[in-house]
Amino acid sequence: MAANGSKNPTRKQLIVSILCKHLSLDHKDFSSNAAEKDIKTLYSDILKSSGKRSNDEVMKWIEFAESFPADSKACFDVLIKLNEELATKSVLLGNGLRTSEADVIVFSAVHSFVVGLANLDQGKMPHVMRWMDYIQSKEALGDLFGTISLEKPGFEPPLHGAKSAVDSNAKKTVQSTNNAEKSEAPSNLKSGDAKKGDTALQEKKKSVETEAVDKDKTKKAVGDKEAGQEKKKSSETAAVDKDKELSVSLLNIQVGLIRKSWKHPSADSLLVEEIDVGEAKLRQVVSGLAKYCNPDDLTNRRVALIINVKPGKLRDVMSEGLVLCASNEDHTNVEPLLPPEGAKIGERISFSGIDGKPEDVLNPKKKQLEKITPNLFTMTRVCHLQGYTIHDICRAVHIIHS
């Protein structure tokens, strides 16, 4: 992971600032002599003041930060390698929920180059962009670094056109035409003009009959078209009814705060959480997160909680909700979704472009959850449902329970 390049005093100042912010220290105590020391020494001094011990893995990433190149082409090549490194994990070090000193140090080293990347170049390193976006959100770095903006996918919902109606009274039209032609025939023809008049009348009648046949064919074609349109309309109506049955608006997803978390007394794969969603009483929820998350890491974490599931016991412990989580492709990393920034505890999370009232309690017999959740996924920091979005920080959404 090493890259070639010269040391940069400005980069050192940024690394000192972000590292002190991460460890809740005053950067002024270390900034005055930052130019005289290398990053490893500065890291050791800062870590000593925080009461922590140095980590060999962090030292490796400090070498990466120190040697991050200034040349644009070289920077891009190094970031492509970093993208490969991040393909199978959420952060550089740790369990995927808590950022490390290595994450903030490398972030400060590469930020100045990444912030200026065009959308096309961002697309070539999706894991780096996802990681950068997570760090800047998790560490609240707006006062130290410019915010990196990511292009969000757009979506235009389909519009169904109105159907036009047609008149299909061909026989009546033919009958009216025949009667009109008869009324136009002269009543007092002279004997010398009688045959000519009869011939002209017969030819005109023949023309009208031909026209009637054509209209009859047109009527049949229009009738077939109307039948096809009615069939299509019925199919579309059935599809709309099915969409309503599978609408994500049926889910009552609210912003929650985990007040307490502990291991399930009789199941190694389960954790029990007490979650505050703004109600008089905390909700107790059982989640299958034990092999992915430490209970201490979940305490005081904001989550997106489905609260209108039918309460039930999981291994003899009552559960009153489902925690929305995300994972990487092979499900080796799983973590709860973060609600949109600024959302208050108990506030309902909805998808832009989808209206509807949630069910009071989801009906297990209709298997609504099983039908809706396969359509949920995330890209970068956006959670999607067939094109409609809410904001979060993860990748592939699924429901975690026993």
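Helix α5 packs against helix α8 (residues 126-138) at an angle of about 80°, with the two axes 7 Å apart. This is a predicted model, where local features need pLDDT of at least 70, side-chain atom pairs count only at pLDDT 80 or more, and totals for chains, interfaces and linings use all residues. Residues are numbered from 1 along each chain as its sequence is written, and side-chain values use heavy atoms, with hydrogens and water left out.

- Two packed helices are described by the angle between their axes and the distance between the axes.
- The axes here are lines fitted to C-alpha atoms, for helices over the stretch in contact, and the angles run from 0 to 180 degrees between N-to-C directions.
- Helices (H or I, at least four residues) and strands (E, at least two) are DSSP runs, numbered from the N terminus.
- α5 and α8 therefore count as roughly perpendicular; that label covers 65 to 115 degrees, with under 35 called roughly parallel, over 145 roughly antiparallel and the rest oblique.
- On the α5 side, this contact (heavy atoms within 4.5 Å) uses Leu-79, Leu-82 and Asn-83, and α8 brings Pro-126, His-127, Val-128 and Trp-131.
- Sorted by type, the α5 and α8 contact has 5 nonpolar residues, 2 polar ones and no charged ones. Nonpolar covers Ala, Val, Leu, Ile, Met, Phe, Trp, Tyr, Cys and Pro, charged covers Asp, Glu, Lys and Arg, and the others, Gly among them, are polar.
- α5 (residues 72-85) also meets α6 (residues 101-114), with axes that come within 11 Å and cross at roughly 130°. That angle makes α5 oblique to α6.
- The tally for α5 with α6 is 8 nonpolar, 1 polar and no charged.

**Aromatic pairs**

- A pair of aromatic rings is described by the distance of the centres and the angle of the planes.
- Rings of Phe, Tyr and Trp (its six-membered ring) pair if their centres lie within 6.5 Å; planes under 30 degrees apart are stacked, over 60 edge-to-face and the rest tilted. The count comes to 3 aromatic pairs.
- Phe-64 and Phe-68 have ring centres 6.0 Å apart and planes at 50°, so this pair is tilted.
- Phe-64 is buried at 1% relative accessibility, and Phe-68 is buried too, at 2%. Buried means under 20% relative accessible area, exposed over 50% and partly exposed in between (1.4 Å probe, protein chains only).
- Phe-107 and Phe-145 pair up edge-to-face, with 5.4 Å centre to centre and 90° between the planes.
- That pair ties together distant parts of the chain, with Phe-107 in α6 and Phe-145 in the loop between α8 and α9 (170-184), 38 residues apart.
- Phe-107 is buried at 0% relative accessibility, and Phe-145 is buried with a relative accessible area of 8%.
- Trp-61, Phe-64 and Phe-68 form one aromatic cluster.

**Positive phi values**

- Most residues other than glycine have a negative phi.
- Ser-24, a residue other than glycine, has a positive phi near 60°. Ser-24 sits in the loop between α1 (9-22) and α2 (28-31), and at 68% relative accessibility it counts as exposed.
- Asp-316 also has a positive phi, near 75°. Asp-316 lies in the loop between β5 (312-314) and β6 (317-319), and is exposed at 68% relative accessibility.
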